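Subject: Structure for your review

Dear colleague,

Please find below the structure that I am handing over to you. My notes on what was found in it follow directly after.

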Amino acid sequence: MTMILIWGFLLLLLMAVVFLFWLQFKNVDVQSPDIQMVQLEEKVLHLELHLKKSLEIMQDLAKKMHVQQEVLDRTVANIAALEKQNVELVNVLEMMVKGSNKSL
């Protein structure tokens with residue numbers, strides 16, 4: 001009689017353990033989409049932050065490139081003005097050389 005009670009108690013414990021495992025796996029399946037949604041939202045926020053930082057970096061680079069282009073344009077304009085002055089100086093020197101050759 002005692003053996004039957006012990007085996008019955010063990011069988012009851014085994015069924016309780018099986019039921020708890022089944023309940024645990026059922027809850028994991030139910031919570032899994034919620035956990036996946038939270039993880040997905042965290043990834044989206046993380047990617048949005050990286051995108052925002054990338055856009056800020058690109059805007060800074062665009063501003064720097066714009067400033068560099070303006071400086072380059074001014075430099076080209078100055079060089080063009082210097083070339084005009086050089087041409088004028090060469091013309092003046094040419095006239096001076098021709099004038100000094102005539103007086104000799």
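In which helix do Phe19 and Trp22 both lie, and how many residues apart are they? Both belong to helix H1, which covers residues 2-103, and they are three residues apart, about one turn of the helix. Helices here are DSSP runs of H or I with at least four residues, strands are runs of E with at least two, and both are numbered from the N terminus.

Before going further, please note that this is a predicted model, in which local features need pLDDT of at least 70 and side-chain atom pairs count only at pLDDT 80 or more, while totals for chains, interfaces and linings use all residues. Residues are numbered from 1 along each chain as its sequence is written, and side-chain values use heavy atoms, with hydrogens and water left out.

Overall form

Leu61 and Val97 are 36 residues apart in sequence, and their C-alpha atoms are 52 Å apart in space.

Surface

Of the 104 residues, 0% are buried. Buried means under 20% relative accessible area, exposed means over 50%, and partly exposed lies in between (1.4 Å probe, protein chains only). The accessible surface of the chain comes to about 10,200 Å², and 71% of it belongs to carbon and sulfur atoms. Such areas come from the Shrake-Rupley method with a 1.4 Å probe, and for residues only the protein chains shown count as cover.

A nonpolar patch on the surface is formed by Met3, Ile6, Trp7, Phe9, Leu10, Leu12 and Leu13, with about 760 Å² of accessible area together. In such a patch, residues have over 30% relative accessible area and no salt bridge, and nonpolar side chains (Val, Leu, Ile, Met, Phe, Trp, Tyr) are joined within 5 Å; like charges are joined within 9 Å. Trp7 lies in helix H1 and is exposed, at 57%.

Pairs of side chains

The whole structure contains one aromatic pair. The ring centres of Phe19 and Trp22 are 5.9 Å apart and the planes stand at 35°, so the pair is tilted. Rings of Phe, Tyr and Trp (its six-membered ring) pair if their centres lie within 6.5 Å; planes under 30 degrees apart are stacked, over 60 edge-to-face, and the rest tilted.

There is also one salt bridge, meaning a side-chain nitrogen of Lys or Arg within 4 Å of a carboxyl oxygen of Asp or Glu. Glu94 forms it with Lys98, with the closest N and O atoms 3.3 Å apart.

Yours sincerely
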